[in-house]
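Visitor: Please show me the model, and let us then discuss how the chain is organised.

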Amino acid sequence: MDRRNFLDLLARGTSLGLLLKFSPLGMLEFVRAQSSANPFPRALLVDKAGNPFKLSSLKPHEPYVFTYPFAATPNILVNVDAELAPVDVKMPDGKNYRWTGGVGKSKSVVAYTSICPHGYSYAAPNLGAMGYYKPEGNRGARMVCCSHLSAFDVTKGGEVKGGPAPHALAAVVLEYDPAKDEAYATGFLGNPQFDEFFRAQAQNLRDLFRTTARAREEVAKATVLPYAEHTKVPTTCPVLG
Ligand code: FES
């Protein structure tokens, strides 16, 4: 039974228990991942000209940004130059989930929200508190929030490696089309905390977007920009963890 048939049967009301009984283990993984996703409207990743963004164009360890699902919520997209397998991510509230690993031809491309789960600092256009740090020595690829030095392992579903962050970064669910080398963002794994973010950053967002409604506009196509082009004032800090 392939994934489409499986979904068709589910849509027609066939018992999930019965389906799982006769399904391969891989399908179990698929169901686990999907059931913990926070879905948002599907958005194609595009370049500045509006053409589909090709994931193979990402150079290793060069971070990019696309805003999704709202105009004011940037995510960091990066090729970490290593194939990444799915991992289980533990959450303090017990709502654990399975991160589905890297995507792209080499399964090395990942995307995470840039909103820090500690105090909601982020890769803002006017101050890049959250940034990507390539591997160095024994330390792997990280995203780090310079506000209070929370560090996240982007190769392990965004798990916390240091600092006060209470849980992992939420990962963007990317649906990859290998024939076209294009991807859609379809939602998040984990807790993206958008309501908390919009409350905490209300004044800054009003400065940037003038109105809350504009900041909360849903993104129909997600434009991918180099991190340095989106975030005019980046910060750098020591990576602890
Ligand atoms: S806001 Fe990110 S570490 Fe505190």
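**Strand pairing, confidence and core**

Guide: Strand β1 (residues 37-46) and strand β14 (residues 182-189) run antiparallel and are joined by five bridges. Strands are DSSP runs of E with at least two residues, numbered from the N terminus, and two strands pair if DSSP finds at least two bridges between them. Residues are numbered from 1 along each chain as its sequence is written. This is a predicted model, in which local features need pLDDT of at least 70, side-chain atom pairs count only at pLDDT 80 or more, and totals for chains, interfaces and linings use all residues.

Visitor: Which residue in β14 is the bridge partner of Asn38?

Guide: β1 and β14 run antiparallel. In β14, the partner bridged to Asn38 is Phe188.

Visitor: Which residue in β15 is the bridge partner of Leu44?

Guide: β1 is also joined to strand β15 (residues 221-223), by three bridges, and these two run parallel. Within β15, Leu44 has as its bridge partner Lys221.

Visitor: What pLDDT does the chain average?

Guide: pLDDT is the predictor's confidence in each residue, from 0 to 100. A score of at least 70 is reached by 85% of the residues, and the chain averages a pLDDT of 88.

Visitor: How many residues does the largest nonpolar core have?

Guide: A nonpolar core is a set of buried Ala, Val, Leu, Ile, Met, Phe, Trp, Tyr and Cys residues joined through C-beta atoms within 7 Å; buried means 20 or more other C-beta atoms within 10 Å of a residue's own, with C-beta atoms placed from the backbone. Ile76, Tyr112, Met143, Ala171 and Val172 have the most contacts inside the largest core, whose residues number 55.

Technical notes: Helices (H or I, at least four residues) and strands (E, at least two) are DSSP runs, numbered from the N terminus. A residue is buried if 20 or more other C-beta atoms lie within 10 Å of its own, exposed if 12 or fewer, and partly exposed in between; C-beta atoms are placed from the backbone.
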